[in-house]
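Good morning, and thank you for making time for this presentation. I would like to take you through one structure, moving from its ligands to its domains and its core.

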Amino acid sequence: MAEPIRIVVTGAAGQIAYSLLYMIARGEVFGKDQPLILHLLDIPPMVGVLEGVVMELADCALPLLREVVPTTDPLVGFKDVSAAFLVGAMPRKEGMERKDLLSANVKIFKVQGEALDKVAKKDVKVLVVGNPANTNALVCANYAPSIPRENFSAMTRLDQNRAASQIANKLGVSINEVNNIIIWGNHSSTQYPDAAQGKVLVKGEWKSIAEAVNNDAYLQGQFIETVQKRGAAVIGARKMSSAMSAAKAACDHMHDWWNGTAPGKFVSMGVFSDGSYGSPKDVVFSFPVEIKNKQWKIVEGLAISEFGKSKLNITSKELEEEKNEALSVLDSN
Ligand code: NAD
Ligand code: LMR
């Protein structure tokens, strides 16, 4: 058996973590042969709840879980970690947009960036889930200059999963028969879920989603809007934001980063933009990526329609605005 690796989950007493910790500790992300030491970081008022989570992890009797380190100190939480799931942040309530959380949450990611910089492994893979995820990831990376920027990412995998699920449902196929739908831009209602490059297995044959659905009005209308507004729809129904599906998406994201993507398949991740596809540089932008040896690479050369370009402009503009707002919040502190 391999040596254990240290993994941190922040917001470990919260609702996403409650599903996420179990999935990680079962070996669904880093492999069934990889022993783990789980670091659980939360804030002092949650210490009691965190103790309960530690008890339940013990009671799950999970063979890969070698040790659990509950803490409220970021310097302990991030010490020597190989992967970080940054979940801890305030969730939005009904009627809010995710960027309404910016002033409350962005400061958390400054502190955590600084702590990662000091004590995490330099090749740590950081996944930001807490909203507004793209801009929080940008802030976190900016405060961790000794860790390569490529090691910071924001989660748009939940949007990708939602989009694939809509198409699978529409065509009556299984979810693993839908590939390569892209989420562009921000994890917000300006994101652009794009099925134009997507493929679907119909009666044993891979076809383009556009051909199989054969309804452009749906793909450019209802499909996009359903995915853009899905988080709000879940909040409307549950009165709490998505948790089980968010935890599953976080596992999918880190699993693919750790293990790579299959040939010809790509996934969407919020990563530092190099200006590809006309996006603004130096914001965290969701792109289609292929992953090999734990390194992601933006899939280049995809054809984008005029309709697609107009959608990319909208989400680009929002990310630039969020970045400026985050910088002014941090400047005023
Ligand atoms: P929650 O309120 O149930 O849990 C959040 C936890 O974070 C709490 O235990 C809280 O004490 C803790 N926390 C707050 N500040 C912290 C800090 N500085 N350090 C460590 N822990 C801290 O919320 P949740 O439902 O688990 O959601 C967490 C975040 O994830 C929210 O911002 C939510 O909007 C976001 N989210 C993102 C996606 C996505 O697709 N990117 C999906 C779902 C939820
Ligand atoms: C989601 O997409 O479900 C999360 O980002 C939570 C939210 O506020 O929508």
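Let me begin with a convention: in what follows, Ala, Val, Leu, Ile, Met, Phe, Trp, Tyr, Cys and Pro count as nonpolar, Asp, Glu, Lys and Arg as charged, and the others, Gly among them, as polar. With that convention, the shell around ligand 2 has 3 nonpolar, 4 polar and 2 charged residues. Please keep in mind throughout that this is a predicted model.

The residues around ligand 2 are Pro91, Arg92, Arg98, Asn131, Leu158, Gly231, Val234, Ser241 and Ser242. Domain 1, residues 5–154, and domain 2, residues 157–320, each supply at least three residues to the shell of ligand 2.

Turning to ligand 1, we find 28 residues around it, with Gly11, Gly14, Ile16, Gly88 and Ala246 the closest. The class count for this shell is 16 nonpolar, 10 polar and 2 charged residues. Here too, at least three residues come from each of domain 1 and domain 2.

That brings me to the domains themselves. The domain assignment divides the chain into domain 1 (5–154) and domain 2 (157–320), and their C-alpha centres are 23 Å apart.

Which residues of helix 1 are buried? In helix 1, residues 15–25, they are Ile16, Ala17, Leu20, Leu21, Ile24 and Ala25. These residues span an arc of only 130° around the axis, and so they sit on the same side of helix 1. As a general point, an α-helix has 3.6 residues a turn, so residues three or four places apart point the same way. The buried residues of helix 1 pack against strand 1 (5–10), strand 2 (36–41), helix 2 (47–59), strand 3 (65–71), strand 4 (83–86) and helix 11. Just after helix 1, Gly27 adopts a positive phi of about 95°.

Met23 also has its place in helix 1. A residue here counts as buried only with 20 or more other C-beta atoms within 10 Å; Met23 has 17, and is therefore partly exposed. Setting aside residues up to four places away in sequence, Met23 touches Glu28, Val29, Ala247 and Cys251.

Finally, the core. The largest nonpolar core has 72 residues, and Leu20, Ala84, Val129 and Ala250 have the most contacts inside it. Helix 11, residues 244–259, provides the largest share of this core, 7 residues. Beyond its neighbours within four places in sequence, Ala250 is in contact with Leu20, Phe85, Leu127, Val129 and Met155. Apart from this core lies another, of 18 residues, including Ile167, Val178, Val200 and Ala212.

Technical notes
Residues are numbered from 1 along each chain as its sequence is written. Chains are lettered from A and ligands numbered from 1 in the order in which they are written. This is a predicted model: local features need pLDDT of at least 70, side-chain atom pairs count only at pLDDT 80 or more; totals for chains, interfaces and linings use all residues. A residue is near a molecule or strand if its C-beta atom, placed from the backbone, lies within 6 Å of it. Domain bounds come from an automatic or database domain assignment. A nonpolar core is a set of buried Ala, Val, Leu, Ile, Met, Phe, Trp, Tyr and Cys residues joined through C-beta atoms within 7 Å. A residue is buried if 20 or more other C-beta atoms lie within 10 Å of its own, exposed if 12 or fewer, and partly exposed in between; C-beta atoms are placed from the backbone. Helices (H or I, at least four residues) and strands (E, at least two) are DSSP runs, numbered from the N terminus. Two residues are in contact if their C-beta atoms, placed from the backbone, lie within 7 Å. The arc is that of the directions from the helix axis to the C-beta atoms.
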